[in-house]
Amino acid sequence: SKDITPLQATSSQISGYYDENKPNLLVPSPSVNVKYDNGDNEFMAEILSAIQAHYGEMAIRAKFQEYVARFVQLASQYEEQTFGRTTIGLNLSNTPESAKYLGTGLVFTDDVSRSREILGNSMRIEGWRATTSYKYLQEDHQAWLSSRSIKCMDVKRVISLLKMSRTLSNQEVSSLYRGFFLNITTDEQIIETGQVYIKSLNRFERNTYERLAREYALQEEEAIRQQHEFVKMSESMTSLNTASTVLAELMLPDGAHLRPADWTIFFLNLAKPAPWNGNKALADKDCENPLLYVLNLVRTNHDASIRR
């Protein structure tokens with residue numbers, strides 16, 4: 001980009017952050033092919049395939065973002081291996097507890113592939129380190145370190161390791177899951193971990209995740225609907241039980257067990273009484289629900305075999 005201009009190399013830039021006397025571990029030997037394919041061919045083939053398949057702009061943009069993010073992580077490991085320190089990535093200095101969870105940084109199948117990929121990108125990494133964008137990333141990374149919600153582990157690395165769990169021992173897998181259990185507790189930490197996990201999925205895994213998420217959302221919606229129906233039914237039953245209890249109390253006069261017979265009079269369906277104007281016929285006509293006059297007769301029959 002024309003907006004990214006190289007920074008003028010200074011002694012503070014060279015020696016202020018790194019030990020320039022430390023030997024470079026990535027000096028290519030004569031037996032190593034410096035023209036190693038650094039992954040660009042495979043990446044561009046994937047991009048062209050996605051374009052031909054009519055992927056949307058957001059999907060193509062996401063692939064470039066993932067590629068750039070991996071390059072930054074690779075540059076961080078290059079600095080760690082070459083200079084012994086990095087200011088653009090996680091390491092044991094800024095995340096000391098990560099040693100309990102198998103370290104920080106990218107995950108490779110073996111040390112050979114790791115060295116080969118770093119070596120294949122070493123020249124472009126050195127070129128990028130002399131640009132303004134690299135300086136801005138250093139500042140942004142320091143700000144992120146002070147505000148991040150998860151400070152004890154490299155979540156991206158842990159998720160990558162768990163996807164390759166066949167190469168780990170049972171104790172290592174157990175320690176990684178224990179790290180999640182002990183350190184991912186707040187809402188902010190859970191959301192951050194979920195975002196990292198979703199971004200780590202490939203196209204097929206993401207499609208599966210989205211399908212399962214839709215099914216789960218439908219199940220939750222159905223469960224909420226059934227719960228609302230149950231609450232309405234419970235309220236209706238409660239109202240009916242209350243009305244039945246009141247009616248039973250009205251039908252049973254106080255102290256009826258002391259007398260051989262007793263009676264009560266009460267009224268039902270008094271929804272909205274009409275104003276009294278002295279004419280009973282007109283009042284009954286104007287009432288929305290006419291009164292029901294109830295005459296209730298209760299006879300008492302004592303059972304001597306039952307104790308009160």
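**View 1. Helices H7 and H8 are oblique to each other, as follows from the angle between them.** Helix H7 and helix H8 (residues 170-183) pack at an angle of about 140°, and their axes lie 11 Å apart. Axes here are lines fitted to C-alpha atoms, for helices over the stretch in contact, with angles running from 0 to 180 degrees between N-to-C directions. Angles under 35 degrees count as roughly parallel, over 145 as roughly antiparallel, 65 to 115 as roughly perpendicular, and the rest as oblique. H7 passes H8 in a left-handed crossing; a crossing is left-handed if the near helix is turned anticlockwise from the far one by less than a right angle, and right-handed if clockwise. Val155, Val158, Ile159, Leu161 and Leu162 of H7 meet Val173, Leu176, Tyr177 and Phe180 of H8, where contact means heavy atoms within 4.5 Å. This contact comprises 9 nonpolar residues, no polar and no charged ones. Ala, Val, Leu, Ile, Met, Phe, Trp, Tyr, Cys and Pro count as nonpolar, Asp, Glu, Lys and Arg as charged, and the others, Gly among them, as polar.

The model is predicted: local features need pLDDT of at least 70, side-chain atom pairs count only at pLDDT 80 or more, and totals for chains, interfaces and linings use all residues. Residues are numbered from 1 along each chain as its sequence is written, and side-chain values use heavy atoms, with hydrogens and water left out.

**View 2. Helix H7 (residues 155-163) also packs with helix H9 (residues 187-199).** Their axes come within 10 Å and cross at roughly 50°, and H7 and H9 are therefore oblique to each other. The crossing is right-handed. Val155, Lys156 and Ile159 of H7 make the contact with Thr193, Val196 and Tyr197 of H9. By class, these residues are 4 nonpolar, 1 polar and 1 charged. Helices are DSSP runs (H or I, at least four residues), numbered from the N terminus, as are strands (E, at least two).

**View 3. Helix H2 (residues 40-52) packs with helix H3 (residues 57-83).** The two axes come within 10 Å and cross at roughly 170°; H2 and H3 are therefore roughly antiparallel to each other. Their crossing is right-handed. On the H2 side, the contact is made by Asp40, Phe43, Glu46, Ile47, Ala50 and Ile51, and on the H3 side by Ile60, Lys63, Phe64 and Tyr67. The residues of this contact divide into 7 nonpolar, no polar and 3 charged.

**View 4. Phe43 and Tyr67 form a stacked aromatic pair.** The structure holds 5 aromatic pairs, defined by rings of Phe, Tyr and Trp (its six-membered ring) whose centres lie within 6.5 Å; planes under 30 degrees apart count as stacked, over 60 as edge-to-face and the rest as tilted. For Phe43 and Tyr67, the values are 4.2 Å centre to centre and 20° between the planes. The pair links distant parts of the chain, with Phe43 in helix H2 and Tyr67 in helix H3, 24 residues apart.
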